[in-house]
Structure formats: C-alpha cells, structure tokens
Amino acid sequence: MKSPVHRCRDVEHGRGEHGRGEHGRGEHGRTESRAGYLQAEQRIPISKDIITSSSASAMWFIRDTCGIVCAVITWMLVLYAEFVVVFVMLLPSKNLTYSLINGVAFNSLAFLALASHFRAMCTDPGAVPKGNATKEYIESLQLKPGQVVYKCPKCCSIKPDRAHHCSVCKRCIRKMDHHCPWVNNCVGENNQKYFVLFTMYIALISLHSLTMVVFHFLYCFEDDWTKCSSFSPPATVILLILLCFEALLFLIFTSVMFGTQVHSICTDETGIERLKGETGKWDKVPCWEAMQAACGGPFSLSWCSPFSGLRCEKRPLEALDQVPRGEIIEEDVIEIPLD
C-alpha cells in the first residue's frame with residue numbers, strides 16, 4: 001500500500017492550471033460549477049490561522065549538508081573575530097579600562113549573535129503539518145461555504161493563505177520569506193525575529209571590531225609593534241587585515257539583510273511574495289502592529305532578546321510529522337459548495 005506522500009503528484013499545479021483542467025471536464029462539470037460553487041475571483045482563501053504549525057514547541061533542525069556547512073562557517077568566523085579581538089588587541093593593551101569596556105561589549109554582542117543564530121536555526125519557522133490533506137481533516141476545519149482549500153502536491157498538506165513550499169525543508173512554511181543557508185533554515189512566521197536579531201548583532205560586532213582595528217593600527221604605528229601585540233608584527237598585521245576584511249564584508253551583508261527584513265515586516269510583505277508578485281492579495285497590517293506580531297508583543301527589552309519565548313517543553317520526535325488518518329485527496333483545489 002502506498003504511503004500518503006507517494007499518492008501525491010510530483011508536479012505542483014498552479015491555480016490557473018487547475019481551472020483549465022476543470023474547464024475541460026465537459027459541459028456537465030461547468031453547469032455544476034456554476035450551480036454550486038463560486039467563480040475563481042469570488043473564492044475566499046483559507047486563513048493561515050486555521051492551520052496551526054506542526055512542531056512549534058519542538059526542536060527543529062534541517063539535515064541539509066550545504067546549510068550545515070554554512071552554519072558551521074558562520075560560527076567559525078565569529079569565533080575567529082573573538083580570538084583576534086581578545087588575544088591580539090585587548091589583552092596586550094596597557095589600558096585596562098579600554099580592554100574591559102570593549103571586551104565586555106564585544107563578547108556580549110557576539111554571545112547574543114550566536115544565540116540568535118541558534119534560535120533562528122533550531123526554531124520551527126511555521127511548518128504546515130505533512131499529509132493533512134485528507135477529507136476528514138478538511139471536515140474538521142469547519143469551513144464556510146465558498147472557501148477554497150489548496151493542497152500542496154509535494155508535501156500533501158493543506159496550504160493556508162500566504163504559505164509556500166520550501167524545496168530544502170521539504171515543507172510548506174507559513175509566511176515564508178526565504179530559505180537562508182547561513183542559518184540552515186527557512187525564515188518564516190515563527191523565527192523571523194531571531195533572524196533579524198542575528199543580522200543586527202552581527203552588524204554591530206562587525207562595526208565594533210572595525211573600529212577597534214583602526215584604533216589598534218594607529219596605536220601600533222605610534223608605538224613599537226613588538227609591544228602592542230603578543231604576536232610577531234607580520235602575524236599581527238595579517239590577523240588584523242583578515243579581521244578587517246571579514247568585518248567589512250559582514251557589516252555590508254548583514255546591514256542590507258537587516259534593512260530588508262525590517263522593511264518586509266513593516267510592509268507586511270515577504271520576500272517570496274514580492275518575487276512572485278503576490279502582494280496586495282490580503283489585508284495588510286499596519287507597520288507597528290506587524291512589528292509587535294513579529295517580535296512577540298508590545299515594545300520592551302525582550303524585542304532584543306533571543307531567549308524570549310524559550311520553553312523547556314519536549315515532544316517525541318515521532319510526533320512531529322504524524323500523518324492524519326484518511327486517504328489523501330486527489331484534487332489540488334477543493335472548494336466548499338455553496339449548498
């Protein structure tokens with residue numbers, strides 16, 4: 001007996017293609033459609049709030065080789081910056097106050113950056129349960145006449161409004177913005193805040209390390225190079241130049257990503273929705289309300305914390321992708337009859 005996934009078609013049909021398929025079934029089908037169903041432009045899409053995420057309180061990790069390598073590289077680059085800042089610039093400094101202030105500031109920002117990266121990587125971005133495209137599940141939603149339900153042929157899930165399928169995560173993700181290999185995860189409804197914090201803290205430590213490199217070069221030019229570092233002058237110069245290049249590159253990249261994400265939140269439009277031209281098909285939320293929804297509540301210091309909303313709940317791994325009982329429906333578009 002085939003599994004629900006195997007019963008799905010491999011090619012994802014668009015809404016227009018489905019409409020053409022229905023048109024070709026004959027005059028009897030057209031008459032029935034006019035009698036008991038709404039026209040395509042009158043259909044009411046299913047709200048994203050009806051279908052919940054499948055593993056909102058469970059550990060989430062994508063087993064993608066490219067993403068894992070990129071995530072490890074990210075941590076190694078941050079740790080390299082930590083090494084150069086602490087052992088090349090701060091510890092050899094004769095000014096204890098300067099070393100303490102900059103050491104505490106840089107290490108705090110680096111810790112928050114890595115914590116934000118971990119939360120963005122290991123938080124369910126808003127995955128729709130797999131294999132829930134069954135007649136029994138649709139009936140349990142208690143939809144109103146005229147509402148239309150779309151099935152994803154790739155993961156056999158009922159797609160709520162503004163959900164898109166990710167080929168890397170192999171899931172439909174609610175309010176998917178994009179899949180980021182640097183965090184080895186999709187950026188979606190549940191983890192966008194942590195991705196924004198990650199880009200913000202990386203930009204801050206990049207700017208901070210650039211500033212310290214400039215001051216350290218000026219200090220070493222005025223003083224003896226052998227006294228401004230515990231490493232040899234050539235090694236010191238190489239380490240500082242590499243850090244400068246890394247910080248400048250990441251400052252530009254993460255600043256652009258941070259601005260893009262904040263703009264997406266304020267305009268209530270994800271990157272993939274702009275790319276596919278799907279904007280304007282829903283009632284947009286005002287900027288401040290969208291920021292509060294993305295950051296987890298009214299404005300407070302918790303907006304800047306990657307630990308807000310952290311829970312110690314555990315769920316068995318086998319419960320994450322439980323397929324609801326019943327046969328997977330064949331149609332990609334199911335419309336609730338008016339009668």
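# Briefing on a predicted protein chain

The protein chain exposes about 18500 Å², and carbon and sulfur atoms supply 64% of that area. The model is predicted. Its 339 residues include a buried share of 45%. The chain holds nine helices and eight strands.

**Confidence**

- Across the protein chain the average pLDDT is 79, and 75% of the residues score at least 70.
- Over residues 1-44, pLDDT stays under 50. For this stretch the model has 51 contacts beyond four places in sequence.
- Residues 314-321 are another stretch where pLDDT stays under 50, and here the model has eleven contacts beyond four places in sequence.

**Contacts along the chain**

- Taking the contacts between residues at least 6 apart in sequence, 76% join residues at least 24 apart.

- Asn184 sits in the loop that runs between strand S6 (178-180) and strand S7 (185-187).
- Asn184 has a relative accessible area of 0%, so it counts as buried, the cut-off being under 20%.
- A polar atom of the Asn184 side chain lies 2.7 Å from the backbone oxygen of Ile62.
- Ile62 is also among the residues in contact with Asn184 once neighbours within four places in sequence are left aside.

**Helix H4**

- Helix H4 covers residues 96-121 and has 26 residues.
- From its first C-alpha to its last, H4 reaches 37 Å, close to the 38 Å expected at 1.5 Å a residue.
- At the start of H4, the backbone nitrogen of Thr97 has a side-chain oxygen of Asn95 within 3.2 Å.

**Leu242 in helix H7**

- Leu242 is found in helix H7, which spans residues 233-267.
- The relative accessible area of Leu242 is 46%, so this residue is partly exposed: the value falls between the limits of 20% and 50%.

Conventions: Residues numbered from 1 in each chain as written. Predicted model: local features only at pLDDT ≥ 70, side-chain atom pairs only at ≥ 80, totals over all residues. Heavy atoms only, no water. Helix = DSSP H or I, 4+ residues; strand = E, 2+ residues; numbered from the N terminus. Buried < 20%, exposed > 50% of the residue type's maximum accessible area, 1.4 Å probe, protein only. Polar contact = N/O pair within 3.5 Å; in protein donor to acceptor, adjacent residues only side chain to side chain. Contact = heavy atoms within 4.5 Å. Expected span 1.5 Å × (residues − 1). pLDDT = per-residue confidence, 0-100. Areas by Shrake-Rupley, 256 points an atom, 1.4 Å probe, with all protein chains shown as cover.
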